[in-house]
Amino acid sequence: MSFSSFFLLLPLIAVPIIMHFISRKQLKRTDFPTLLFFVKSEMRLVRWFRLKELLLLITRVFLLLLLILAAANLKIPFKFFDRAEVLIVDGSPSMEKFEMGRKNAFIVPTISGIPRFSYYLKKHPVGVLITDVQRNGFSEIIKKGGKFPGIRVKRENFPAGNMGIVAASSSPAFEGEEFVVNFKILNEYKKNKKTILLLKASDRIIKEENVILKVGDNLMSFDIKLPKGIFAFSLELEDKEGFLFDNKFYFVVNVHEKRNIYVLSDSFSARLMAALSHSYFRVKWGRELADVNGDFFFACDMSEKDISGLLQSTVPGIVCVQGKTNTLISNKISNKISTVIERSVFDKLLCPEGLSEIPVRYNCLITEGTEFLYFENGDPFLNRIKNHLILPISLEKNDLSLHPVFIPFLFGLINFLSDEMIHSSNIRMDEEIIIESSFKPGIIAPEGITYEPTRVGQNIYVFTETKECGFYKITDGKTVKGLVAVNTHPTESKIESLSEEEIIFVFGKQNLFNGVNFFLVIAFLCFVLSVFLERKIFRIK
Amino acid sequence: MELLNPEVLEKIRTLNLRAKIIVKGFLTGLHESPYHGFSLEFKQHRPYYQGDPINRINWKLYARTERFYLKKYRAETNLSAFLLLDKSNSMNFGKEISKFYYARTLAASLAYLLLQQNDSVGLVLFDSEIESFIPARSQTNHLKHLLGALSRNEPSGKTSISNVIFQLLPLIKKRSLFILFSDLLEEPEKVIKNINVMKAKKHEIIVFHILDREELDFSFRGESMFKDMEDSKTVQVDPENLRGIYRSKLDRFLSTYRNGFAPSRVDYFQVVTDVPYDRVLTEYLEKRKRLS
């Protein structure tokens, strides 16, 4: 029913009013010699009678109005009653099973992945809580259940099985080369399951396969070849019986452009050439400085001073020092780089005032001196000569070219120097997005809302409100500067860890306070009052 | 005697005629000759009839004539009677015959009877005060004044017998008979006290307490609004629930009057308006006998 029903039924209110006037007319009037023999308690002065009669009329009208409101099933428009409408739902991803219910629900926000049940249950003591109780904090709610008035607990069993994509990753991707997308799918059913896998890159289907998943973990991969650029990948499988939330996995793949490196050396170094050639670079060898071109160059067997006068104005260079006095220093660098490579901090190099925040990552403090950068112990890191950054390294004695982090570091350094910084990462929902940026970034969430991450330090911003799985775009306000894929935690998919705790619905006394029942309860009270008044007015015992 | 029922007499509009019918009907019904007077003045002899009291035989005349004769006397008017008629609003109650109508007819009948016996009769109509006062006279045409006054007045105002007695006593010097027709709806103690004051002044008093059958039985049905006829106060009651309490309170009220008048030898008669008038007249004559 609705407002139209309400207005259709509204004329019924006239019934008690008409009855009231009819009964008034029917009342006999008798002239009597004296009221001396009337007992006071048994007689009512007419003005009181009129008042009670009016009260009875109001009660009857109100009773009828409430019944009409109940029949019309109208929502109570007062804020006071909102508390009865509150539906508190566990916002963790495994609750996506209840996606439909969530539309009308108040979703408990999570902080660092922990839903704030206690806080919101105190705030909304009457309502419905739906949760799968696997998160921290809910067991506390169950224990304190009695402390939340109006809440009762009802248990329901979990789904019998589940299939979910729990991880996906790709090998380094370069334009024009095939790279591998690896993924792990968990089959929690007790038998092999047949399903369809679908791989999309930026909403374009690039792979579709029928697969049979064996019980347990299934490691699978796709070979992909894509042009240069950043791609939003999503891998989907079909599993209608299990959870829905883990049927889709998001990840970002940055297909890189290959960098050109020129190795300037009198002799051809096969090892160096081989190391640099792998994936990241296109390598050329030559003897003449005048021939140097590409994105970067190596100058082997030359001192910084020797080369400084010869450097071109545009191409940055790395001086590879061999058998000189600073060999010892150069050797140390490779160890230090291993920590640097974990995260990109190159933007800090552009703002010297931010250097003091680096030491944690470099293990020692970097300061600016006559040479561009030093470690605190005096070791040079990067030297600047004219417009060039000089990285003094030794290639032969320490075999730096084979160091596992050197090549990616070098690649990152070149990208940084080329000013092609793009933020891309893959995180879990209970992790925060950390952005190191010289501009104030904005985060566009999957639902389309733009958030401002919190500034937590010099050029460091943190965003914790990753409430939805999907892609979060990092923007400078004009263009997209990065992409972060957010997925649920792999443990969410493991049904065996949930089966012990079951899904628990905590219901408040919502039936008492929802619109219809509320009206009916008040109507009943009105009815009792009207009967009482009627007995008082028309019958005397 | 059916003719003397109030319902039958109600059809006769003229008070005078109604009074005559009542008195004559009443006298016809009596087997014994009415007592004509208690002050004696010889009028004539009449032959003795069987049943006449022997002590009234004139033995001297018997000695002369050897026939039994009785002496017949002319009544002397030495009785002064006042009819006190309550004309308050409460007397207007009555389904077919109001208490006032009944009391008025009764008062007219008594006036007629008294004047027939050459008694002097006066009339006092009152509510909370004396509304109309006609001094006692014994002339035959005095009846016309009395009946005129009775006919003209209609019920109005509140009852205050105590106040009326207080006003009346200074007006009447001679020892008199007061016949009060009222529903006595006032505090009984106050009324009894004032009537006893009259009694103390050597007046004779007959009280006809006029009641309606519905007033006695309280036989109303259904939730009703009752309006006090004297002060217009209206209340809502269920008569069926109230009946028991009402009757017991009324009984207490009536017995207060009955017991209150007994020690001072005031004749108190409860008269219900459906009782034939002759029965009331009989009560009066009984009283007259005792007075003689």
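Three strands of chain A, in the order E26-E30-E29, form an open sheet with antiparallel pairing. Strands here are DSSP runs of E with at least two residues, helices are runs of H or I with at least four, and both are numbered from the N terminus. Two strands count as paired if DSSP finds at least two bridges between them. Strand E26 (433–436) and strand E29 (454–457) of chain A each have a single partner strand, so one side of each is left without a neighbour in the sheet. Between E29(A) and strand E30 (residues 460–463) of chain A, which run antiparallel, there are 3 bridges. Within this pairing, A:Arg455 stands opposite A:Tyr461 in E30(A).

This is a predicted model, in which local features need pLDDT of at least 70 and side-chain atom pairs count only at pLDDT 80 or more, while totals for chains, interfaces and linings use all residues. Residues are numbered from 1 along each chain as its sequence is written, and chains are lettered from A and ligands numbered from 1 in the order in which they are written. The predictor's confidence in each residue, from 0 to 100, is its pLDDT. Chain A has a mean pLDDT of 68, and 51% of its residues reach 70 or more. Confidence in chain A is highest in strand E12 (residues 193–201), at 92, and lowest in helix H11 (residues 359–362), at a mean of 30.

A:Ser493 lies in the loop between strand E32 (480–487) and helix H13 (495–499) of chain A. A:Ser493 is buried, because 24 other C-beta atoms lie within 10 Å (buried: 20 or more; exposed: 12 or fewer; partly exposed: in between; C-beta atoms are placed from the backbone). The C-alpha atoms of A:Ser493 and A:Val166 are 7.1 Å apart, although 327 residues separate the two along the chain.
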